[in-house]
Amino acid sequence: MIYMDNAATTRLSERAFEAMRPYMMEQYANAAGTYSFAAASSEAIEKARAQVASVIGARSSEIFFTSGGTESDNWALKGAVLASTKPKKHIIISAIEHHAILHSAQALERQGVEVTVMPVDADGLVDPAAVEAAIRPETVLISIMAANNEIGTIEPLEAIGEIAHRHGVLFHTDAVQAFGHIPLDVERMHIDLLSASAHKFHGPKGVGLLYIRKGVKLGVFMDGGAQEKKRRAGTSNVPGIVGMGAAAEQARAQMEAVIASESAVRDHLIERIEKEIPYAKLNGHRTNRLPGNVNFCFRFIEGESMLMLLDAEGICASSGSACTSGSLDPSHVLLAIGLPHEIAHGSLRLSLSEETTMEEADKVVDSLKVIIPRLRSMSPLYEDFVRHQQ
Ligand code: PLP
């Protein structure tokens with residue numbers, strides 16, 4: 001099998017798994033317990049808090065553990081609106097946010113909150129000057145992702161954060177795809193709230209975090225017990241949190257080397273596809289992109305058919321067309337960068353990890369060189385196109 005769907009999820013690292021094991025077996029105490037048996041659990045949580053905080057230049061006390069990126073995103077948007085004392089409320093997001101942000105914003109809109117959706121350019125970049133122009137007296141929050149999950153474009157966080165703070169507006173970033181993969185610094189980037197999720201950087205599934213800058217008021221999203229300093233109720237997922245801490249520490253220590261190795265494989269894939277497969281278009285910013293992201297549109301191809309044929313070759317990849325949702329709509333991200341429907345349907349995302357090799361990359365391109373002409377040979381549109389070319 002060749003696994004190139006690391007943006008969907010990653011393999012748990014050996015180190016994270018070993019760190020978690022005792023907290024599932026011997027040290028199973030509820031971290032909130034008052035007896036000494038529970039102390040090991042609460043100490044392990046505090047160690048993990050420090051490990052994740054150091055990835056983004058935060059203090060441990062500013063980290064709050066959640067069930068993943070989706071919960072963190074919901075909490076940031078809904079909590080910021082809930083805590084705001086402004087009589088009218090307005091938030092700014094981008095058109096290429098993950099559904100955890102888009103649907104949270106739509107839910108707030110139904111409750112009377114005004115939402116501005118910033119367009120992006122053909123590379124998927126948000127324009128900081130346009131964000132500034134969209135700020136109003138009632139703006140509570142700006143939420144712009146650190147890096148896009150489909151096309152890999154890295155957004156200008158520092159410039160947007162500076163603008164947000166100059167206008168006294170909270171700045172949230174969905175860093176689910178960026179945390180542990182590229183350098184992030186909450187101080188330099190003026191970030192007030194940041195979402196991350198362990199399973200995107202070789203930690204376990206179902207655990208994430210929300211960074212909340214000291215002094216930022218945020219409404220409570222999960223009501224219940226007094227966990228996480230009364231800000232996020234629910235029995236702490238001790239093994240999950242420990243695994244996230246271990247994976248974060250590993251990601252931080254290896255970041256520079258992983259960026260170098262992943263981007264070399266990424267650039268090799270891009271170069272070979274552009275050279276050897278006609279009518280292929282690279283999506284996302286050419287240089288300002290995640291080290292592990294490759295995204296192409298192949299004209300006259302249905303993304304789903306391509307995935308099925310790749311799967312038959314043992315290759316796991318994904319496409320921007322939203323077949324999983326039962327809808328035939330192409331990805332909102334590809335439409336937002338200006339691709340027409342018929343081209344957006346033929347997209348392929350290959351997302352790498354540090355384990356991806358050049359040999360695997362070559363095998364994928366070699367397979368695509370067989371699959372794509374085969375699918376095109378069945379397309380009446382392609383036939384038509386070729387006839388007009390002659
Ligand atoms: N935000 C982005 C950018 C993502 O890529 C994802 C996951 O695909 C999420 C949020 C949701 O994270 P989780 O799977 O931890 O709920």
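The side chain of threonine 70 places an N or O atom 2.6 Å from an oxygen atom of the ligand. For histidine 199, the distance from a polar side-chain atom to a ligand oxygen atom is 3.0 Å.

The model is predicted: local features need pLDDT of at least 70, side-chain atom pairs count only at pLDDT 80 or more, and totals for chains, interfaces and linings use all residues. Residues are numbered from 1 along each chain as its sequence is written, and side-chain values use heavy atoms, with hydrogens and water left out.

The ligand is surrounded by 13 residues, the closest being Thr70, Asp174, Gln177, Ser197 and Lys200 (a residue is near if one of its heavy atoms lies within 4 Å). This shell comprises 2 nonpolar, 8 polar and 3 charged residues (Ala, Val, Leu, Ile, Met, Phe, Trp, Tyr, Cys and Pro count as nonpolar, Asp, Glu, Lys and Arg as charged, and the others, Gly among them, as polar). Helix α3 (residues 69–83) gives the most to the shell, with 3 residues; helices (H or I, at least four residues) and strands (E, at least two) are DSSP runs numbered from the N terminus.

Strand β5 is mostly covered, with 5 of its 5 residues buried (under 20% relative accessible area; exposed is over 50%, partly exposed in between; 1.4 Å probe, protein chains only). β5 pairs with strand β3 (residues 90–94) in the parallel sense over 4 bridges, where pairing requires at least two DSSP bridges. Histidine 90 has threonine 139 of β5 as its bridge partner. Strand β6 (residues 170–174) also runs parallel to β5, joined by 3 bridges, and phenylalanine 171 in β6 is the bridge partner of isoleucine 142.

Isoleucine 151 lies in the loop between β5 (139–143) and α6 (157–166). This residue counts as buried because its relative accessibility is 0%. Its contacts (heavy atoms within 4.5 Å), not counting residues up to four places away in sequence, include Asp123, Asn283, Arg289, Val333 and Ile337. The C-alpha atoms of isoleucine 151 and arginine 349 are separated by 7.6 Å, although the two residues are 198 residues apart along the chain.

Terms used. Polar contact = N/O pair within 3.5 Å; in protein donor to acceptor, adjacent residues only side chain to side chain.
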